[in-house]
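Here is a short briefing for a first look at this structure. Please keep the sequence and the model in view while reading.

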Amino acid sequence: MQADYVYHILFITLLKFFVLHATSYSLNMKVKAKKQSFSTFDEMLATSEKPVLVDFYATWCGPCQMMVPILNEVSASLEDKIMIVKIDTEKYPGIADKYSIQALPTMIIFKDGKPCDRVEGALTASQLIQRIETTLKVKQ
């Protein structure tokens with residue numbers, strides 16, 4: 001029992017380190033954000049001029065936090081080709097249920113308001129860029 005407790009504390013400590021490291025790293029990156037308001041998620045998808053990558057995450061999810069700088073990098077690389085939106089599954093469980101989100105992080109690429117690709121789990125920036133380009137059939 002004592003060893004389980006020690007491993008649990010070690011895991012929590014490492015998780016906090018990665019979350020803090022990912023968060024501080026993302027704060028140092030300059031990303032152009034466009035703030036828009038929509039009455040519904042579906043309206044945002046339907047009226048978007050570009051395809052939309054939706055990152056379903058939770059604040060307590062370590063891999064989700066590690067995706068923050070990766071999504072920033074992808075956004076900077078593909079800013080004219082795709083819009084990236086983050087949905088907190090704790091705050092918007094109805095949207096998560098609608099798209100059967102069972103693993104975090106889950107990213108769904110929407111084109112013309114409809115889902116056309118889905119990725120569960122963390123990826124590197126180059127893997128995610130390649131996946132987006134393949135799905136949308138575009139090149140940087």
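Lysine 86 counts as partly exposed, at 37% relative accessibility. Here buried means under 20% relative accessible area, exposed means over 50%, and partly exposed lies in between (1.4 Å probe, protein chains only). The partner of lysine 86 in a salt bridge is aspartate 55. Aspartate 55 is buried, at 0% relative accessibility.

This is a predicted model, in which local features need pLDDT of at least 70, side-chain atom pairs count only at pLDDT 80 or more, and totals for chains, interfaces and linings use all residues. Residues are numbered from 1 along each chain as its sequence is written, and side-chain values use heavy atoms, with hydrogens and water left out.

**Salt bridges**

- The structure holds five salt bridges. A salt bridge is a side-chain nitrogen of Lys or Arg within 4 Å of a carboxyl oxygen of Asp or Glu.
- In the bridge of aspartate 55 and lysine 86, the closest N and O atoms are 2.6 Å apart. This pair links distant parts of the chain: aspartate 55 sits in strand S1 (residues 52-57) and lysine 86 in strand S2 (residues 83-88), 31 residues apart. Helices (H or I, at least four residues) and strands (E, at least two) are DSSP runs, numbered from the N terminus.
- Aspartate 117 pairs with arginine 131, with closest N and O atoms 2.7 Å apart. This pair also links distant parts of the chain, 14 residues apart: aspartate 117 is in strand S4 (residues 114-120), arginine 131 in helix H5 (residues 125-136).
- Aspartate 117 is buried, with a relative accessible area of 17%. Arginine 131 is partly exposed, at 32%.
- Glutamate 120 bridges to arginine 118, and their closest N and O atoms are 3.5 Å apart. Glutamate 120 is partly exposed at 49%, and arginine 118 is partly exposed at 30%.

**Disulfide**

- A search of the whole structure finds one disulfide. The term stands for a pair of cysteine sulfur atoms within 2.5 Å.
- The disulfide joins cysteine 61 to cysteine 64, with S to S at 2.5 Å. The link is right-handed, with 75 degrees about the S-S bond.
- Cysteine 61 is buried, at 5% relative accessible area. Cysteine 64 is buried too, at 1%.
- Cysteine 116 is partly exposed, at 41%.

**Nonpolar cores**

- The largest nonpolar core has 16 residues; Leu53, Val74, Ile82, Met107, Leu128 and Ile132 have the most contacts inside it. Helix H3 (62-77), strand S3 (106-111) and H5 each supply at least two residues of this core. H5 gives the largest share, five residues.
- A nonpolar core is a set of buried Ala, Val, Leu, Ile, Met, Phe, Trp, Tyr and Cys residues joined through side-chain atoms within 4.5 Å.
- Leucine 53 touches several residues, among them Leu71, Ile84, Val85 and Ile109, not counting residues up to four places away in sequence. Contact means heavy atoms within 4.5 Å.
- A second, separate core has 14 residues, including Val52, Ala96, Tyr99 and Phe110.

**Backbone features in loops**

- A cis peptide bond joins leucine 104 and proline 105, with omega about -10 degrees. Proline 105 lies in the loop between helix H4 (93-98) and S3.
- Serine 100 is in the loop between H4 and S3. Its phi is positive, about 50 degrees, although serine 100 is not a glycine. Serine 100 is partly exposed, at 43%.
- Aspartate 112, in the loop between S3 and S4, has a positive phi near 55 degrees. Aspartate 112 is exposed, at 70%.
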